[in-house]
Amino acid sequence: MDIDGVGGKLIEQLVDRELIHTPADLFKLDLTTLTRLERMGAKSAENALASLEKAKNTTLARFIFALGIREVGEATALNLANHFKTLEALQNADLEALQQVPDVGEVVANRILAFWHEAHNVAVVNDLIAQGVHWETVETKEVIENRFKGKTVVLTGTLTQMGRNEAKALLQDMRAKVSGSVSAKTDFVIAGDAAGSKLTKAQELGVAVLTEEEFLAEIQS
């Protein structure tokens, strides 16, 4: 889970001092424990605790992604959340049910099954929930047929009319797969200002390139 104010160096200290053993232990930390660490004043400790408290409110897709299941990236985690709607349904899914999810083949499905078959993993997940990690119920959204559904899209450059995360969320709602790199499998590149090597590679590969304005016109039509 990406938590502001809780970076790698802090995690290393906590692990080295055996103050945490699983991700759930992060949510059991208190002010006294944190202020005893090197270079951790009261204000920094308070900020870290506030960030941890804020991080408890997440989404099912982010939670699934944060579990670190092999082969399950952000796009696949979102597909799993949209398909199963609840963590319990995902936990109880068999091989056949998992393979009904877009982008989940036999290899990925077996990775997911293997994760849930490990008692330690289940215990950590249960502990995270016990510490207050939660998310709103996944609502079924009707996906209108659109140009990006089922396509792989890469965002590059600076978008001036919306944030990168907002554009990514819009594409995911349209059931597009948002990737971080351009390849022969990329269907579209949306290029903002100062687009660099990704735009160049897209042009070399003959990938369709849309400006931010063209993208906005497409989703508003």
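Which helix supplies the largest share of the lining of the largest pocket? That would be helix 10, with 6 residues. Keep in mind that you're looking at a predicted model.

**The largest pocket**
- This pocket has a volume of about 1300 Å³, and 32 residues line it.
- As for finding the empty space in the first place, rolling a probe the size of a water molecule over the atoms shows where it is left.

**Helix 8 and its buried face**
- Helix 8 covers residues 106-117, so to speak a run of 12 residues.
- From first C-alpha to last it reaches 16 Å, close to the 16 Å expected at 1.5 Å a residue.
- Its buried residues are V108, A109, I112, L113, F115 and W116.
- Seen down the axis of helix 8, those buried residues fall within an arc of 155°, so they line one face of the helix.
- What covers the buried residues? Helix 5 (74-84), helix 6 (87-92), helix 7 (95-98) and helix 9 (119-130) are included in the cover.

**K56, a lysine tucked into a loop**
- You'll find K56 in the loop between helix 3 (42-55) and strand 1 (57-58).
- K56 has a relative accessible area of 13%, under the 20% cut-off, so it counts as buried.
- Its side chain makes a polar contact of 3.2 Å with the side chain of E53.
- The K56 side chain also reaches the backbone oxygen of Q131, at 3.2 Å.
- Leaving aside residues up to four places away in sequence, K56 touches F27, Q131, G132, V133 and H134.

**Two residues with positive phi**
- Most residues other than glycine have a negative phi.
- K85 has a positive phi, near 70°, and sits in the loop between helix 5 and helix 6.
- With a relative accessible area of 24%, K85 is partly exposed.
- R175 has a positive phi too, near 65°, and lies in the loop between helix 10 and strand 4 (177-179).
- R175 counts as partly exposed, at 25% relative accessibility.

Conventions. Residues are numbered from 1 along each chain as its sequence is written. This is a predicted model: local features need pLDDT of at least 70, side-chain atom pairs count only at pLDDT 80 or more; totals for chains, interfaces and linings use all residues. Side-chain values use heavy atoms; hydrogens and water are left out. Helices (H or I, at least four residues) and strands (E, at least two) are DSSP runs, numbered from the N terminus. Buried means under 20% relative accessible area, exposed over 50%, partly exposed in between (1.4 Å probe, protein chains only). A polar contact is a pair of N or O atoms within 3.5 Å; within protein, one must be able to donate a hydrogen and the other to accept it, and residues adjacent in sequence count only if both atoms are side-chain atoms. Contact means heavy atoms within 4.5 Å. The expected span of a helix is 1.5 Å times one less than its number of residues. The arc is that of the directions from the helix axis to the C-beta atoms. On a 1 Å grid over the protein atoms alone, a cavity is a set of points where a 1.4 Å probe fits but cannot get out, and a pocket is an open set with protein on both sides within 12 Å along at least five of seven lines; lining residues have an atom within 4 Å of a point. Grid points are joined across faces, edges and corners, and a volume is the space filled by probe spheres set on the points.
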